[in-house]
Amino acid sequence: MQLGLIGLGRMGGNMRERIRRAGHTVVGYDRDPGLTDVSSLAELVGRLETPRTVWVMVPAGAATQSVVDELGGLLSPGDTVVDGGNSRWTDDQQHAEQLAEKGIGFVDAGVSGGVWGLENGYALMVGGDKEHVERLEPLFEALKPRGPYGYVHAGKVGSGHFSKMVHNGIEYAMMQAYAEGWELLEKADAVDNVREVFRSWQQGTVIRSWLLDLAVDALDDDEHLEKLKGYAQDSGEGRWTVEAALDHAVPLPAITASLFARFASRQDDSPQMKMIAALRNQFGGHAVESK
């Protein structure tokens with residue numbers, strides 16, 4: 001199968017490689033001349049056979065809208081656009097309607113896997129019409145982890161990004177819990193080896209997880225996280241999750257508190273936020289602020 005892939009950054013570049021390893025053809029475009037396969041979106045579209053599939057991996061908001069607008073003028077009826085970035089689910093219906101006027105399909109794909117996805121695979125939460133989603137399943141199978149799980153057709157347009165948003169909200173709360181526990185252990189005189197306490201939790205406990213493994217990796221790099229500033233950015237999905245909870249009258253005390261904790265990190269050098277920053281760097285390659 002052929003695919004055009006726009007945006008070859010931390011995730012997009014690895015996705016291109018994983019899809020190619022599965023035997024598919026990927027034509028990639030990026031503004032960085034050292035990464036791109038073609039010089040323009042027009043050239044990318046011209047390199048693909050119809051019906052074309054173009055997957056967009058650029059920042060949410062204006063950047064995604066700009067690419068969708070340009071693709072709307074380049075693609076043909078029967079082609080499909082996939083938005084695999086972290087767009088807000090409410091933008092998806094607008095994009096689907098905009099492209100449908102020209103006979104172009106639209107699929108939203110929540111993608112989780114960070115910088116580890118090349119080897120481990122990506123969890124995919126997909127939204128869109130059945131006819132569009134089913135045609136793209138060879139690509140989803142190439143990207144997902146080995147085994148029966150990791151890919152779901154979550155529902156109509158917008159459901160993929162909504163599901164990924166909730167996933168990221170849960171991620172906020174889980175990281176916050178590890179960070180709070182780590183800070184309490186660090187402050188307690190009774191505990192001499194916090195890093196090894198965390199390591200002891202990796203097997204046989206109910207709180208073992210990949211995030212815990214990454215926390216141990218971060219502590220192996222910097223045992224007391226002394227090199228990091230206690231500041232953690234929020235990328236948007238946490239806010240959107242809390243807003244959706246308000247719209248649906250669903251109480252989310254843990255997720256909401258974890259979001260507010262990130263806001264607090266911008267006021268002081270928060271020890272907890274050192275762990276949050278370290279975890280975000282470990283799984284997603286997100287930038288950290290050093291002292």
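Me: Which residue in strand 3 is the bridge partner of Gly-4?

Reply: Val-54 is the partner. Keep in mind that this is a predicted model.

Me: What makes strand 1 and strand 3 a pair?

Reply: Pairing needs at least two bridges. Strand 1 (residues 2–6) and strand 3 have 3 bridges, so they count as a pair. They run parallel.

Me: How do you know that strand 3 and strand 4 pair?

Reply: The cut-off is at least two bridges, and 4 bridges join them, so they pair. These strands run parallel. Strand 3, helix 3 and strand 4 make a right-handed β-α-β unit.

Me: Which way do the residues of strand 3 point?

Reply: Thr-53 and Trp-55 point one way, while Val-54 and Val-56 point the other way. All are buried. In a regular strand, side chains alternate between the two faces of the sheet.

Me: What does strand 1 form with strand 2?

Reply: Strand 1 and strand 2 (residues 25–29) pair in the parallel sense, over 5 bridges. Gln-2 stands opposite Thr-25. With helix 1 (residues 10–21), the two strands make a right-handed β-α-β unit.

Me: How do you know that the span of helix 1 agrees with its number of residues?

Reply: Take 1.5 Å a residue. The 12 residues of helix 1 should then span 16 Å. The end C-alpha atoms are 17 Å apart, which agrees.

Me: Which residues of helix 1 are buried, and what covers them?

Reply: Gly-12, Gly-13, Met-15, Arg-16, Arg-18 and Ile-19 are buried. Their cover includes strand 1, strand 2, strand 3, strand 5, helix 5 (117–120) and helix 7 (137–143). Just after helix 1, Gly-23 takes a positive phi of about 100°.

Me: Why is Ala-42 called partly exposed?

Reply: Buried is under 20% and exposed is over 50%. Ala-42 has a relative accessible area of 42%, between those limits, so it is partly exposed. Ala-42 belongs to helix 2 (residues 41–46). Ala-42 and Leu-71 are 29 residues apart in sequence, and their C-alpha atoms are 8.5 Å apart in space.

Me: Which residues of helix 4 are buried?

Reply: Trp-89, Asp-92, His-95, Ala-96 and Leu-99 are buried in helix 4. They cover an arc of only 100° around the axis, which puts them on the same side of helix 4. The buried residues pack against helix 3 (62–74), strand 4 (80–83), strand 5 (105–112), helix 8 (159–187) and helix 11 (237–248).

Me: Which residues touch the most other members of the largest nonpolar core?

Reply: They are Trp-182, Phe-198, Leu-225, Met-275 and Leu-279, in a core of 24 residues. Helix 8, helix 9 (194–200), helix 10 (210–221) and helix 13 (271–284) each supply at least two residues of this core. Helix 10 gives the largest share, 7 residues.

Me: What is Trp-182 in contact with, leaving aside its neighbours within four places in sequence?

Reply: Its contacts are Val-194, Phe-198, Leu-219, His-224, Leu-225, Pro-271 and Met-275.

Technical notes
Residues numbered from 1 in each chain as written. Predicted model: local features only at pLDDT ≥ 70, side-chain atom pairs only at ≥ 80, totals over all residues. Heavy atoms only, no water. Buried < 20%, exposed > 50% of the residue type's maximum accessible area, 1.4 Å probe, protein only. Arc of directions from axis to C-beta. Contact = heavy atoms within 4.5 Å. Right-handed = clockwise from strand over helix to strand, strands pointing away. Core = buried A, V, L, I, M, F, W, Y, C linked by side-chain atoms within 4.5 Å. Expected span 1.5 Å × (residues − 1).
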